Amino acid sequence: MRVLLIGANGYLGRFVADRLLADPAVQLTALGRGDDADVRFDLATGSPGALTRFLDAVHPGVIVNCAGATRGGARELTRHNTVAVATVCEALRRSGCGARLVQVGCSSEYGPSQPGSSTAEDAVPRPGGPYGVSKLAATELVLGSGLDAVVLRVFSPAGPGTPAGSPLGRLAEAMRRAMQSGDGELKLGGLGAQRDFIDVRDVARAVHAASLSAAQGVINIGSGRAVRLRDAAAVLARVAGYGGALHELDGPPGPLRGAIGHPRMDGEHTGPVAYPYPDGCGSWQQADVRCARDRLGWRPRINLEESLADIWMEAACRI
């Protein structure tokens, strides 16, 4: 089976590539904007016709799209998360290859959830920020395309390679600096949010399973358990051997108060973005993952402590 992987050098794409390459039945071709891609092509600016000609020449059986942007203003997010997917869908419609499309979406498409609830695939999406809006628009394009396609809504990915700018990445970096300077206490804000963390290697397994399945529509990929960031901080402190005290700052997080989950500053804004959580998901998110179990035969295998240990190992080695 020939698989065309888009975004192989991204955070999730690297692990998806490793998983697919471990399958001897898969012939993998990577398409992306970088020089190290097998084929260079920018989905945000390239024409569907050019991509169609490539698909007809390569004739993949599956296309996996892990590409996209998580940072930037609304215009940039729309270009890389929505326009890019529109290009893929249109090229597939024109092509005679008949490839199956596996689109990697995200939980930000859902927006805030009721505390204590599990979000199922039939929940009405109400994204709380431009990133979630751009990803939801991409999902709607895929679902309305008439293609053989499935969208995996990935909740909060964690584990090796976690970006330093993510909540868990910032937490690990703050702890590394505290240990390096000998600080006996660590003061952090924004630890009240609860998220459903899922290891990137489990995400890669889900993508592989979706590539081989006939499942269509939307499928949640998460652990099925919400974890408070302050609890994740306590686990990370134990893994790191940090014996200092963890103090949570009172009040809402802010960029000048050591916050873990603070709103990011964008070049197009003079202050923090308007929504209170950077992912637009409010204080709580937890996935209902029964659909992934029933339709993909997939369950998460890696627990959060192992994911945090890998995050800490990379942070501790940072110079």
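This is a predicted model: local features need pLDDT of at least 70, side-chain atom pairs count only at pLDDT 80 or more; totals for chains, interfaces and linings use all residues.
**Entry 1**

T162, P163, A164, G169, A172, E173, I311, E314, A315 and R318 line the largest cavity. I then asked which elements give two or more residues to this lining. They are α5 (167-181) and α9. Sorted by class, I get five nonpolar, two polar and three charged residues in the lining.

**Entry 2: cavity count and volume**

How many cavities of 30 Å³ or more does the structure hold? I find one. For the largest cavity I note a volume of about 50 Å³.

**Entry 3: α9 against α7**

A pair of packed helices is described by the distance and the angle between the axes. For α7 (residues 229-240) and α9 (residues 304-316), I note axes that come within 9 Å and a crossing angle of roughly 60 degrees. α7 and α9 are therefore oblique to each other. What is the hand of the crossing where α7 passes α9? I recorded the crossing as right-handed.

**Entry 4: residues of the α7 and α9 contact**

I listed both sides of the contact. From α7 the residues are A232, V235, L236, R238, V239 and A240. They meet E305, L308, A309 and W312 of α9. By class, I have eight nonpolar and two charged residues in this contact, and no polar ones.

Terms used:
Residues are numbered from 1 along each chain as its sequence is written. Side-chain values use heavy atoms; hydrogens and water are left out. Axes are lines fitted to C-alpha atoms, for helices over the stretch in contact, and angles run from 0 to 180 degrees between N-to-C directions. Helices (H or I, at least four residues) and strands (E, at least two) are DSSP runs, numbered from the N terminus. Angles under 35 degrees count as roughly parallel, over 145 as roughly antiparallel, 65 to 115 as roughly perpendicular and the rest as oblique. A crossing is left-handed if the near helix is turned anticlockwise from the far one by less than a right angle, and right-handed if clockwise. Contact means heavy atoms within 4.5 Å. Ala, Val, Leu, Ile, Met, Phe, Trp, Tyr, Cys and Pro count as nonpolar, Asp, Glu, Lys and Arg as charged, and the others, Gly among them, as polar. On a 1 Å grid over the protein atoms alone, a cavity is a set of points where a 1.4 Å probe fits but cannot get out, and a pocket is an open set with protein on both sides within 12 Å along at least five of seven lines; lining residues have an atom within 4 Å of a point. Grid points are joined across faces, edges and corners, and a volume is the space filled by probe spheres set on the points.
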